[in-house]
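I opened my notebook to look up a few things in this model. Here is what I was looking at.

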Protein chains: 2
Amino acid sequence: MNLENTKAQMRKGVLEFCILSILSEDEAYVSDLINKMKDAKLIVVEGTLYPLLNRLKNEGVLEYRWEESKSGPPRKYYKITPEGKAMLDELKQSWQELITSVNSILSI
Amino acid sequence: MNLENTKAQMRKGVLEFCILSILSEDEAYVSDLINKMKDAKLIVVEGTLYPLLNRLKNEGVLEYRWEESKSGPPRKYYKITPEGKAMLDELKQSWQELITSVNSILSI
DNA sequence: TTTACTACTTTGTATTGCAAGGTACTGAAA
DNA sequence: TTTCAGTACCTTGCAATACAAAGTAGTAAA
């Protein structure tokens, strides 16, 4: 049995979706994202987010700006692009469809 | 944008969970599993399932028996073990928690 | 100038989904 | 008898990616 692993798989599946959703409400930098995810009981770490954000930026669904910080190095604030919003809308629908699919299997 | 990829990630996340759930109702061989998943609009292929079933068998959550077929080679029928049922129960709970987590992020 | 804190980045590893190709059994057609 | 079609299991190689861990660099206080 490898319960934690399987649970982790489920969390990974919705990671990009959640990040896009958070950034659709307000721009944020990595630390913000980690905290908001943690608030929703979804643990994610730096080493996961940096490459992921870069990937999403290269796909054109995110963009960023630098902002100076009073308490350390400058921060990279990410926000969603119009293309990203379009993608998020489709993902929301896919998410609902996935819930329907899984529930149909659970009730066989 | 890479919508299909992200949607695929979501599907992958629940794959093991769905297979366990299907096998908790009745034993099945690979072709059955592919069809039941397809019925629920979750596409999965042979090359994914064989290693996955083997993994789950090695973890002790599945077991199998051979059954002769009238129309070809013998089939490997998998079924869930008591340990697998215990895991499935926990995964059901995790799945509900994940829905709650994602919904909380969607409504930020 | 050293230490602490913060933040961004990269590297290496392990997992795993999947396309593609391989083996082998049955039964029907040539 | 040989060939072919259909079915089923299995393996190999590749690509994606989450994450631990280590690296770089900025600010500010001791």
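**Entry 1: a reminder to myself**

I am reading a predicted model.

**Entry 2: DNA strand C**

Next I asked which part of the DNA faces the protein. Of the atoms of DNA strand C within 4 Å of the protein, 77% are from sugar or phosphate, and the bases supply the rest.

Then I went through some side chains at the phosphates. Gln9(A) has a side-chain N or O atom 3.1 Å from a phosphate oxygen of DNA strand C. For Tyr50(A), I noted 2.5 Å between a side-chain N or O atom and a phosphate oxygen of DNA strand C.

I also wrote down where the surface near DNA strand C comes from. The elements giving two or more residues are helix H1 (3-13), H3, H4 and E2 of chain A, together with H4 and E2 of chain B. Sorted by class, this surface has ten nonpolar, eight polar and six charged residues.

**Entry 3: DNA strand D**

DNA strand D is surrounded by 24 residues, the closest being Asn5(B), Tyr29(B), Tyr50(B), Arg75(B) and Lys76(B). Sugar or phosphate accounts for 72% of the atoms of DNA strand D within 4 Å of the protein, and bases for the rest.

How far is the polar side-chain atom of Tyr50(B) from a phosphate oxygen of DNA strand D? I read 2.6 Å. Gln9(B) has a side-chain N or O atom 3.1 Å from a phosphate oxygen of DNA strand D. Chain A takes part too: a side-chain N or O atom of Thr48(A) is 2.9 Å from a phosphate oxygen of DNA strand D.

Two or more residues each come from helix H4 (46-58) and strand E2 (72-80) of chain A, and from helix H1 (3-13), helix H3 (30-39), helix H4 (46-58) and strand E2 (72-80) of chain B. E2(B) gives the most to the surface near DNA strand D, with five residues. By class I have nine nonpolar, nine polar and six charged residues there.

**Entry 4: aromatic rings**

I counted nine aromatic pairs over all chains. One is tilted: the rings of Tyr29(A) and Tyr77(A) have centres 5.4 Å apart and planes at 50°. These two are 48 residues apart, with Tyr29(A) in the loop between helix H2 (15-25) and helix H3 (30-39) of chain A and Tyr77(A) in strand E2 of chain A.

Are the two partners buried or exposed? Tyr29(A) is buried, at 17% relative accessible area, and Tyr77(A) is buried as well, at 12%.

I looked at another pair, Tyr64(A) and Trp66(A), with centres 6.3 Å apart. Their planes are at 85°, so I logged the pair as edge-to-face. Tyr64(A) is partly exposed at 32%, while Trp66(A) is exposed at 53%.

Phe17(A), Trp95(A), Phe17(B) and Trp95(B) make up one aromatic cluster.

I ended with the lysines. The charged end of Lys76(A) sits over the ring of Tyr64(A), 4.3 Å from its centre. In chain B, the charged end of Lys76(B) sits over the ring of Tyr64(B), 4.3 Å from the ring centre.

Terms used
Residues are numbered from 1 along each chain as its sequence is written. Chains are lettered from A and ligands numbered from 1 in the order in which they are written. This is a predicted model: local features need pLDDT of at least 70, side-chain atom pairs count only at pLDDT 80 or more; totals for chains, interfaces and linings use all residues. Side-chain values use heavy atoms; hydrogens and water are left out. A residue is near a molecule or strand if one of its heavy atoms lies within 4 Å of it. A polar contact is a pair of N or O atoms within 3.5 Å; within protein, one must be able to donate a hydrogen and the other to accept it, and residues adjacent in sequence count only if both atoms are side-chain atoms. Helices (H or I, at least four residues) and strands (E, at least two) are DSSP runs, numbered from the N terminus. Ala, Val, Leu, Ile, Met, Phe, Trp, Tyr, Cys and Pro count as nonpolar, Asp, Glu, Lys and Arg as charged, and the others, Gly among them, as polar. Rings of Phe, Tyr and Trp (its six-membered ring) pair if their centres lie within 6.5 Å; planes under 30 degrees apart count as stacked, over 60 as edge-to-face and the rest as tilted. Buried means under 20% relative accessible area, exposed over 50%, partly exposed in between (1.4 Å probe, protein chains only). A charge sits over a ring if NZ of Lys or CZ of Arg is within 6 Å of the ring centre and within 35 degrees of the ring normal.
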